[in-house]
Amino acid sequence: MTHDTLLLILHGSDCNSVLKIDSIFTDYKNVWPEADILLIEKYGINKDLKYDIATDRKDCPAYYLKKDSPEQRVADIKVVLDIVRKDNKYNKFIVLGGSEGAVIAHLVAANVDDIDATISFNGGGRWFIDDVLDNIASKYENLEEAKENINNFKGFAEHVLNSKPLDIQASGHGYHWWYQVLSIDQLDTLQNVKSPLLIVQGGRDTSVSPQKTDEMIKRLKDLGKENIEYQRYDELDHGLNNIGGESKRKEVISNMNLWLRSKLGNPNR
């Protein structure tokens with residue numbers, strides 16, 4: 001059975017095939033169960049690559065590392081959407097993304113026409129460097145112990161932003177990825193989003209900075225961005241698990257669905 005709604009689901013920053021992300025097929029598809037799902041692989045990756053969450057994996061394709069960047073992902077999405085939308089089969093188009101996929105969802109919402117609604121979760125605040133520094137600090141008992149690693153990363157970021165393209169690989173990513181994620185101003189991106197957008201953030205997330213997300217949302221409200229709404233789950237982490245390690249993904253997705261219904265109506269009517 002085909003539907004008149006298309007749901008584009010964008011996965012995170014790891015070097016894995018989108019087809020190997022089980023949560024897409026068990027849970028995230030239920031953000032709008034009545035939609036056809038669109039998944040887009042990152043450059044140089046396909047389902048033959050075994051699933052591995054390690055950031056320093058040795059089998060990540062060299063071509064992927066060379067082409068991996070937010071700009072490339074958005075360009076690929078535009079190409080695929082142009083093809084998919086040619087026959088005018090879909091009346092509604094929804095975008096969902098988490099972690100890096102949230103940042104890409106924001107960029108798509110700001111740069112692609114005719115998006116009916118976008119949901120992002122655990123995508124962090126205005127600047128990626130703040131998220132990384134918050135992540136480093138979360139690994140230590142106090143800030144003094146974290147200071148050396150924080151300063152090292154600040155030096156790395158400054159070097160990337162002020163150098164010509166380098167042959168580097170750090171945490172599973174190459175120069176273009178690092179340069180672009182350190183350059184993206186999410187506040188600026190979100191100011192250009194005109195369609196309904198729901199931003200979801202876990203308060204116990206240590207992969208990005210919930211505080212910086214809060215600050216960005218407040219700034220957007222001060223700027224009068226009434227099309228952007230915010231749901232904060234104080235007890236949830238980056239994977240939408242509570243402090244006891246219990247997944248609350250289904251509950252969050254149910255609330256995402258309710259929000260979409262408030263924007264798009266009831267698909268069963």
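Predicted model: local features only at pLDDT ≥ 70, side-chain atom pairs only at ≥ 80, totals over all residues.
**Overall build**

I went through the secondary structure and got 10 helices and eight strands in the chain. Then I checked the dimensions. The C-alpha atoms fill a box of roughly 60 × 40 × 35 Å along the principal axes. The radius of gyration is 18 Å, and a compact globule of 269 residues would have one near 18 Å, so the chain agrees with that expectation. As for burial, 46% of the 269 residues count as buried.

In soluble globular proteins, nonpolar side chains tend to be buried together. The largest nonpolar core here has 25 residues, and Leu96, Ile119, Met256 and Leu260 touch the most other members. I noted which elements give two or more residues to this core: β1 (5–10), β3, β4 (117–121), β7 (197–202) and α10 (249–264). Helix α10 gives the most, with six residues.

Leaving aside residues up to four places away in sequence, methionine 256 touches Val31, Leu96, Ile119, Phe121, Leu198 and Val200. Apart from this core lies another one, of 19 residues; Leu6, Leu8, Ile40 and Val103 are among them.

**Valine 252**

I stayed with helix α10, where valine 252 also lies. Is valine 252 buried or exposed? Its relative accessibility is 1%, so I put it down as buried. Again not counting residues up to four places away in sequence, valine 252 touches Val200, Tyr233, Leu236 and Leu240.

Moving on to helix packing. In α5 (residues 128–138) I found Asp131, Val132, Leu133 and Ile136 buried. The buried residues of α5 pack against α6 (143–161).

Then I turned to α6 and its contact with α7 (residues 175–183). Two packed helices are described by the angle between their axes and the distance between the axes. For α6 and α7, the axes come within 9 Å and cross at roughly 100 degrees. Angles of 65 to 115 degrees count as roughly perpendicular, and α6 and α7 are therefore roughly perpendicular to each other.

Which residues meet there? From α6 I listed Phe153, Phe156, Ala157, Val160 and Leu161, and from α7 Tyr175, Trp178, Tyr179, Leu182 and Ser183. By class, the contact of α6 with α7 has nine nonpolar residues, one polar and no charged.

Most residues other than glycine have a negative phi. Asparagine 88 has a positive phi of about 55 degrees, although it is not a glycine. I placed asparagine 88 in the loop between α3 (70–84) and β3 (92–98). With a relative accessible area of 63%, asparagine 88 is exposed, because the cut-off for exposed is over 50%.

Serine 171 also went on the list: this residue, not a glycine, has a positive phi of about 55 degrees. Serine 171 is in the loop between β5 (169–170) and β6 (173–174).

How values were computed: Residues numbered from 1 in each chain as written. Heavy atoms only, no water. Buried < 20%, exposed > 50% of the residue type's maximum accessible area, 1.4 Å probe, protein only. Helix = DSSP H or I, 4+ residues; strand = E, 2+ residues; numbered from the N terminus. Contact = heavy atoms within 4.5 Å. Axes fitted to C-alpha atoms, helices over the stretch in contact; angles between N-to-C directions. Parallel < 35°, antiparallel > 145°, perpendicular 65-115°, else oblique. Nonpolar A, V, L, I, M, F, W, Y, C, P; charged D, E, K, R; others polar. Core = buried A, V, L, I, M, F, W, Y, C linked by side-chain atoms within 4.5 Å. Rg over C-alpha atoms; globule rule 2.2 N^0.38 Å.
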